Every structure is written in C-alpha cells, then in structure tokens.
Amino acid sequence: MTQKRILLFTLAMLVLSALPRVRAANDESLHIAVASNFIAPMQDLQKAFETLHNVSLTISYASSGKLYAQIVNGAPYDVFLSADQIKPTLLTDNKYAIHSSQFTYAKGELILWSGRENLWSAGKILTHSDQTHNLASLFNSLQVKRFSMANPKFAPYGLAAQKLLQNTYGTQKPPATKVQGESISQAFQFVASGNVDIGFIARSQLPDYGSFWLLAEEDYPAINQDAVILSASKQFATASTFIEFLQSKEGKNIIQSHGYRTE
Amino acid sequence: MLSTSDIDAIVLTLKLATTVTVILLLISTPLAMWLASTRSWLKGPVSAIVALPLILPPTVLGFYLLIAMGPNGPLGEFTQSIGLGLLPFTFWGLVIASLFYSLPFVVQPIQNAIEAIGEKPLEAASTLHCSPADRFFHVILPLAKPGFITASVLGFAHTVGEFGIVLMIGGNIPQETKVVSIQIYDYVEALEYTGAHALSGIMVLFSFLVLLTLYTFQSRGKASKFSLGR
C-alpha cells in the first residue's frame, strides 16, 4: 500500500512540474545573471526598474566564475552583471556577449574593517605615502594576528588587497596570518564572526558597528564591475532598456547608495 | 600536469582523511557498540544526532561550526581557555569539523555489523569466562571485521570528498586547510579549467576505485552490506 502511495505521489509531482508555469501579468521578462556581491543593490534596482518599465526580471545570483561557466555552457541569460572586467571581456572576445554592450556599471571600494569599536585612527584614510596612517602602522598598532581577504586569484577585491600588501611589505610576508575567503562576503563573515581581527572588505558591505579604515584609491587597482548583453539573448531591445536604466541617474543613485562608485 | 600546490593539496587531503578516520574509529566503536546493544530511550535521540550530517547541507554544519568555534562560541571559549587558541582556519579545526561530518559513515556500518552478530556468541563467550575485553578482541572484532573495513573506507572517502564545511571554516591556507576540493573550486572560479580537469579526474578515479574495492570486497563477505541512514 505505502509503495503505491509513494508512486502516486511521485507521479502527481511529475505532472505538476510539467504544467506550464503561470506567467506574471506583464508579458516581457528578462533573465539577468548577477554576481552575488551585488545582491542588495540589485534588489533595489529590480524594484525601481519593474515599476518604471512593464518588464519582470528573473535574477540568478552566483559567483561571477560560476555564472561565466553557465553562460559558456548555454545558460538562458539575457544580461550578465559580473563582479569584474575579465569575464565580460572574455565573453565578448569569444562572441558569447555583444561587444558594444559592455560597460562598467559599478566601481568597488576596498576598505578595512574590524568588529571592535573605536580602534586606532578609525575612519581615517590609509595611504602608502602617509608616514603615520598607512597599512603597516595599522597592523602594528592593532597587533593584528589574523586578517581576512578574498581570494586574489579570481576575486577583484582580493587582488586589490594583495597589491596593497605587496606595496607595503614587498616580497616579505605580512606580520599576521592571512585567511582567504572564496568571496568578499566570506572575508566579511570571518571578521563578523570574530574569528579574525580585521578584514579587507567592500565598502558596500560595511555594517553600522565596529571600526573601518578607507584605503586611498590610487594605492590599489580599480575594481571595475562590468555588464554585458549576451549574444544568445532573444530580447536585445528589452535588455538594452535595462542597460540604459543602469546608466541613468536613478540607476546610478541606487548603485551609489550601496557603497559603490559609478562612472 | 600537477603543480606543487596541487600536490600540497593532495598530501593535505590524505593527511586529513587519515587523521579523521583513525580518530573516528576510536570514537565510533564504543558508540556503535552501545547503540547496538542498548535498550535505553536515548537510543533514538543519539541515533538521530549521529545521522544528522547525512541530511544537513554541509554549509549549515560549517556555518554553525564557524560560530561555535569562534571567540564567542562555546567551543571557541573552551579552546581559548585551555590555551589552544581558536580552531577555525587551522588543520585541527578541519579535523574537528570532519569528525562531525563523517561520523554517520563510520558509526552505522560498525553498528550494523555488531547487530548482525546478535547476542548469542557474546553470551556463549561470557559463559566461557571471557572478560569484556576478551569478548571485544576475540568475538566482536573478528566477526564485525567487514563492518570496520566498510566504516574505515567510507569515513576516509567521505572526508576526502568534503567541501562545503572546509569552504566555511578553512580559510584557504596552503598546507594547512587548502584541500583538493577547494583547489578545484579555485581553478573553476579562476577559469583555469585545465587544472580543474586534472584534479577532478583524479577525484573521480579515486572515488570509483574506492567504491569498486568496497563492493568487490562485500560481495565476497556476507555480513554488513553498505547501508546508511537506516
């Protein structure tokens, strides 16, 4: 008896899943692949865009590397918002994306953050050329034992942090243990859970507690996040409307309000 | 074909899996013996806790372990108070996490094997004035041997295949916490698919050979088939 019931249940589920999905009232829809570091601004952008235009957005969040692999293997996305410039460029080079559509929608800002309040010179800008307020003096003053950063091999924020460390310490190892997260959000998580003293995070992640230090823009390579329309998209016109929205004043305002710069 | 960091990752993975398997056999044997013989009401809850890692996503385990082993977590407070410091991002942190993660894969085959022996041989041994230690080494161990072998192989292989937890509490430190699965993930994220292929191929081959050995071995012995989540 139970076996029969399980069989019936499975069959019912199969039939249900095969039914055509009920579409929203508006006919037009775009499928957008978004780097997971951009979740919060994207949610606001989605609301604003859907009110402005009669288009519903389906959004898939994952790391840029995973989204890239999905696109190359035929994922049905119309627009790709990467967390870097490399992947969109590779996609346009290999004809997976439309060259003319590529542009920088956001510029990331690298900062240092600790969960503890009112630490040494909190809120200051650290720069290489300043004798007192630089990375080495911060690490010394706080007696940092462990710090976290994103993986420089593929995360732009990780690469930026690595360049900063190289400028400060040259080929020597920094006087603290480096803990690498697979993404900038993991680098953040390691500090937030108290497991490391301080971390290189994105300004867009900055919470309203703890201490943070800004890093001079000229001390690390720019963190440009690029977007492209994919060649496989059948909705170039709608996709273009979305791209234009990102570059509009309203779009830029939303992006800036989340701690990014725009061009 | 393999880079030095690949070799480092493989060596670290094997070291981790060996350490975890040895410790797990020591923990799981008494636990499995108790579970196989007890009539206590605790049997249900304990069995459920042991089996939890089978159905929990590794990210859940990893997330809670990160918090528990952190400076404000109970494990973290304990390790700090005895002077060990904090465990996340260290080899021993991974060992502790893997102990939880692979526990059911070691406990359950041993428990099955011991239950299959039944009470009769043990009662017979007792009437012949066997001490509990004698019963364990001369009755339980030989009769439940296939269960112990299955447990060791599965515990080892499952630890080798660990990913989500290490991602959460590893911190990607070469020769300390950067295991093979993390190395593969890094290759894929960096779009270095050649490197990813080499290591992934080795993992597939390794896993197949492990299971092949296990099933070939089991089809010869009768006791303790590979069964999980009973």
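Q: Which residues of H8(B) are buried?
A: A residue is buried if 20 or more other C-beta atoms lie within 10 Å of its own, exposed if 12 or fewer, and partly exposed in between; C-beta atoms are placed from the backbone. Helices (H or I, at least four residues) and strands (E, at least two) are DSSP runs, numbered from the N terminus. By that cut-off, the buried residues of H8(B) are B:Pro146, B:Gly147, B:Phe148, B:Thr150, B:Ala151, B:Val153, B:Leu154, B:Gly155, B:Phe156, B:His158, B:Thr159 and B:Val160.

Q: What kind of model is this?
A: Residues are numbered from 1 along each chain as its sequence is written, while chains are lettered from A and ligands numbered from 1 in the order in which they are written. Local features need pLDDT of at least 70, side-chain atom pairs count only at pLDDT 80 or more, and totals for chains, interfaces and linings use all residues, since this is a predicted model.

Q: How far apart are the end C-alpha atoms of H8(B)?
A: The expected span of a helix is 1.5 Å times one less than its number of residues. H8(B) has 16 residues, so it should span 22 Å. The model agrees, with its end C-alpha atoms apart by 23 Å.

Q: Which element gives the largest share of the side of chain A that touches chain B?
A: Residues are in contact if their C-beta atoms, placed from the backbone, lie within 7 Å. The contact takes 14 residues from chain A and 18 residues from chain B. Helix H3 (64–72) and strand E8 (177–181) of chain A each give two or more to the chain A side. The largest share, three residues, comes from H3(A).

Q: Which are the edge strands of the five-stranded sheet in chain A?
A: Two strands pair if DSSP finds at least two bridges between them. The sheet is open and mixed, in the order E2-E1-E3-E11-E4. Pairing on one side only marks the edge strands, E2(A) and E4(A).

Technical notes: Two residues are in contact if their C-beta atoms, placed from the backbone, lie within 7 Å.
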